[in-house]
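Hi,

Here is the structure I promised to pass on. Have a look at it first, and then read my notes below.

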Amino acid sequence: MPARGRPREFDRDQALEVAMRIFLHHGYDGTSVSYLGEKMGINTPSLYAAFGSKDMLYQEAVGLYITRVTTPLIDALNAAASAREGIATFLESCARYFHAQPDGERGCMIFNGDLVYAPSCHQRAKDMVARRKTVEQAFASRLSRAQQEHELPAAANPTQLAAFYCVVLQGLSIRARDGAELDDLLQVVTHAMLAWPQA
C-alpha cells in the first residue's frame, strides 16, 4: 500500500512572494507572524514548518528579492559596453523599478529595509549590511576594470566613486518610497552621472 503523506496546502513559492511584498511594505519589525500567515494563506504552525521562523522567512524573502532584482542588474552592469553606461543603466533601471511598484512597496528592500534593529537582531543587521556591500563591491569592481581599460582617469578613486553611486541609489530608493514621480527620479540619475570623472 503506497504511503499517504499529508498534501501540501499551499504553494511555497507563492507564499514566499507574498511574504516578500509584506516585508517590503511593513518592514521586519512592523510585520507579525499572525499577519504573515493570514496574508500567505497558512496558519502559524504551517508557516513555522515551511520556513523555520520569521527571521528565516525574512532571509528567504530578501534572497528572492536579490535573485529577482539585484542579480540581473549586476549581471547587466558587468556586461555593459562601458562602466559609465552600466552604472547609468543600473540607476535608471532601479528608478523605474522602484516607481513601478505598488504604493507602500516602492524602494529597495536591500538599501532601505529595516535600517534600525533591536539589540537581539544584531546578526540580521550584519547580514543586511553585507548584502548592501555586495552592490557597492560590484560597482567598485566594474569601476576598477574601467580604470584599467582607461575609461576612468588614473586619478579617479573607484572605491569612493562606487560609494557615491550607492548613496545615489539609496536616495532614489527613499525618494521613490516617499512618492516621487518617475521623471524626478530620472533627473536625479542624470545629475548623478554629471559627476563622472573626466580624463
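Ser173 is found in helix 7, which covers residues 158–177. (Helices, of type H or I with at least four residues, and strands, of type E with at least two, are DSSP runs numbered from the N terminus.) With a relative accessibility of 0%, Ser173 counts as buried; buried means under 20% relative accessible area, exposed means over 50%, and partly exposed is in between, with a 1.4 Å probe and protein chains only. If you skip the neighbours within four places in sequence, Ser173 is in contact with Phe98, Gly107, Cys108 and Asn112, where contact means heavy atoms within 4.5 Å.

Before I go on, a word on what you're looking at: this is a predicted model, in which local features need pLDDT of at least 70 and side-chain atom pairs count only at pLDDT 80 or more, while totals for chains, interfaces and linings use all residues. Residues are numbered from 1 along each chain as its sequence is written, and side-chain values use heavy atoms, with hydrogens and water left out.

How confident is the predictor? pLDDT is its confidence in each residue, from 0 to 100. The chain has a mean pLDDT of 89, and 90% of its residues reach 70 or more. Among the elements of the chain, the highest mean belongs to helix 8 (residues 182–193), at 98, and the lowest to helix 6, at 90. Over residues 1–7, pLDDT stays under 50, and the model has zero contacts beyond four places in sequence for them. Where pLDDT is low, the predicted coordinates should not be read in detail.

Now the overall picture. The secondary structure comes to eight helices and zero strands, so if you write the elements out from the N terminus you get α-α-α-α-α-α-α-α. Along the principal axes, the C-alpha atoms fill a box of roughly 75 × 40 × 30 Å. The chain has 199 residues, and 45% of them count as buried. Of the contacts with a separation of 6 or more, 69% are between residues 24 or more positions apart. The chain exposes about 10600 Å², with 54% of that supplied by carbon and sulfur atoms; the areas come from the Shrake-Rupley method with a 1.4 Å probe, and for residues only the protein chains shown count as cover.

Cys108, one of the contacts of Ser173, brings up the cysteines. How many disulfides does the structure hold? It holds zero, taking a disulfide as a pair of cysteine sulfur atoms within 2.5 Å. Cys108 is in no disulfide, and its nearest cysteine sulfur, that of Cys94, is 6.7 Å away. Cys108 is buried, at 8% relative accessible area. Cys166 is in no disulfide either, and here the nearest cysteine sulfur, again that of Cys94, is 9.8 Å away. Cys166 is buried too, with 5%.

Next, the rings. Rings of Phe, Tyr and Trp (its six-membered ring) pair if their centres lie within 6.5 Å; planes under 30 degrees apart count as stacked, over 60 as edge-to-face and the rest as tilted. By this rule there are eight aromatic pairs. One of them is Tyr65 with Tyr97, edge-to-face at 6.4 Å centre to centre and 70 degrees between the planes. That pair links distant parts of the chain, with Tyr65 in helix 4 (residues 54–79) and Tyr97 in helix 5 (residues 83–100), 32 residues apart. Tyr65 is buried at 1% relative accessible area, whereas Tyr97 is partly exposed at 23%.

Phe90 and Phe139 also pair edge-to-face, at 4.9 Å centre to centre and 85 degrees between the planes. Phe90 lies in helix 5 and Phe139 in helix 6 (residues 122–148), so this pair ties together parts 49 residues apart in sequence. Phe90 is buried at 3%, and Phe139 at 0%.

Have a look at Leu77 in helix 4 as well. Leu77 is buried, at 0% relative accessibility. Beyond its neighbours within four places in sequence, it is in contact with Gly86, Ile87, Phe90, Ala138, Phe139 and Arg142, a list that includes both Phe90 and Phe139.

Finally, Phe23, Tyr28 and Tyr58 form one aromatic cluster. Lys54 lies over the face of Tyr28, 4.2 Å from the ring centre; a charge sits over a ring if NZ of Lys or CZ of Arg is within 6 Å of the ring centre and within 35 degrees of the ring normal.

Cheers

Methods
pLDDT = per-residue confidence, 0-100.
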